[in-house]
Amino acid sequence: MSASHSAHGSEAPYYYVPSHSVHPVRASVSLLITLLGAALWINSIYIGHWMFLVGILSLFVTLYFWFGDAIRESEGGMNSLRVDHSYRWSMAWFIFSEVMFFAAFFGSLWYTREVTTPWLSNLDHQTLLWPNFSGTWPNLGPAGVVNAFQTVGPFWLPTINTALLLTSGLTLTVAHHAIRVNNRGKTIFWLALTVLLGFAFVACQAYEYHHAYTELNLRFDSGAFGSLFYMLTGFHGFHVILGATFLTVILLRVIKGHFTADSHFGFEGAAWYWHFVDVVWLGLYLFVYWF
């Protein structure tokens, strides 16, 4: 979606209204099958995992054709300046919703550490309910039913991942400046490097999870700390995968000759998302691994 005002010299309509599309219905049905499959799967019903797989695959196929139509509309010169504004506002509100999503989990981390844990370890609760609960963070829970575990420190994998993401933000900025001066070769090089750094981050985090599970006994059910650790870092890792996939598609489009120096919102939207992912990771690095 480059949202070009005039992609190939032809004047775009005042506001392009696309024809009727079956893609939203297909996406809705795919999501319904995915959620039903997940519900059956976690309840140990055999057909559940197959329904989940079919739903995910059909969703990907639907999105492929849906975005393909949007790209053809853009490259065909159908997107005017007003459509460009719509894309920008839509992406801005989408990123704002993602900010609120992560704010909820950061809020849970703060509330658990700074409110619940001290509250359960005060004199009244130690006298009546939890006499041996010290209220340190992290902990094994006031009832002591959580298996002992070790936390993941900031060295060295989280620090390496921080360097990877910060470097990827820099290389993406260089690529953005390159496309603004219509230097397509430089754009391809720095954008490809950004994609490689993004997937390197995912590989490092996968290794970190394996280390945490097998050697530190840190699991999703390791009390409040384990749940919050995997929810925060796991959802962020999922967003990194999405962002790197976005950038991969943009890279392929740049190689095919899409976008111009004045019309490249598809690139900019993916860049906004990637920088958002970078900022969220800095919060995780500080409040999950350091403090």
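1. Helices (H or I, at least four residues) and strands (E, at least two) are DSSP runs, numbered from the N terminus. On that basis the protein chain has 8 helices and 0 strands, and its elements run α-α-α-α-α-α-α-α from the N terminus on.

2. This is a predicted model, in which local features need pLDDT of at least 70 and side-chain atom pairs count only at pLDDT 80 or more, while totals for chains, interfaces and linings use all residues. Residues are numbered from 1 along each chain as its sequence is written, and side-chain values use heavy atoms, with hydrogens and water left out.

3. Along the principal axes, the C-alpha atoms of the protein chain fill a box of roughly 80 × 45 × 35 Å. Of its 291 residues, 39% count as buried (buried means under 20% relative accessible area, exposed over 50%, partly exposed in between; 1.4 Å probe, protein chains only). Among contacts (heavy atoms within 4.5 Å) with a separation of 6 or more, 74% join residues 24 or more positions apart.

4. Helix 6 (residues 184–214) packs with helix 7 (residues 223–255) at an angle of about 155°, the axes being 9 Å apart. Axes are lines fitted to C-alpha atoms, for helices over the stretch in contact, and angles run from 0 to 180 degrees between N-to-C directions. Helix 6 and helix 7 are therefore roughly antiparallel to each other (angles under 35 degrees count as roughly parallel, over 145 as roughly antiparallel, 65 to 115 as roughly perpendicular and the rest as oblique). By class, the contact of helix 6 with helix 7 has 20 nonpolar, 10 polar and 2 charged residues; Ala, Val, Leu, Ile, Met, Phe, Trp, Tyr, Cys and Pro count as nonpolar, Asp, Glu, Lys and Arg as charged, and the others, Gly among them, as polar. The crossing of helix 6 and helix 7 is left-handed, a term used if the near helix is turned anticlockwise from the far one by less than a right angle, with right-handed used if clockwise.

5. The axes of helix 7 and helix 8 cross at roughly 155° and come within 10 Å. Helix 7 and helix 8 are therefore roughly antiparallel to each other, and helix 7 passes helix 8 in a left-handed crossing. The contact includes Phe229, His236, His239 and Phe246 of helix 7, and Tyr273, Trp274, Phe276 and Trp281 of helix 8. By class, the contact of helix 7 with helix 8 has 19 nonpolar, 5 polar and no charged residues.

6. Helix 6 and helix 8 (residues 265–290) pack at an angle of about 35°, with axes 13 Å apart; their crossing is left-handed. Thr187, Leu191, Thr194, Gly198, Phe201, Gln205 and Glu208 of helix 6 make the contact with Phe267, Trp274, Trp281 and Tyr289 of helix 8. These residues divide into 6 nonpolar, 4 polar and 1 charged.

7. Asparagine 161 is found in helix 5 (residues 157–180) and counts as buried, at 0% relative accessibility. Not counting residues up to four places away in sequence, asparagine 161 touches Ala200, Phe201, Cys204, Gln205 and Trp281.

8. Arginine 88 lies in helix 3 (residues 81–120) and is partly exposed, with a relative accessible area of 26%. Leaving aside neighbours within four places in sequence, arginine 88 is in contact with Phe265, Glu268 and Trp272. The C-alpha atoms of arginine 88 and phenylalanine 265 are 7.8 Å apart in space, across 177 residues in sequence. A polar contact of 2.9 Å joins the side chains of arginine 88 and glutamate 268 (a pair of N or O atoms within 3.5 Å; within protein, one must be able to donate a hydrogen and the other to accept it, and residues adjacent in sequence count only if both atoms are side-chain atoms).
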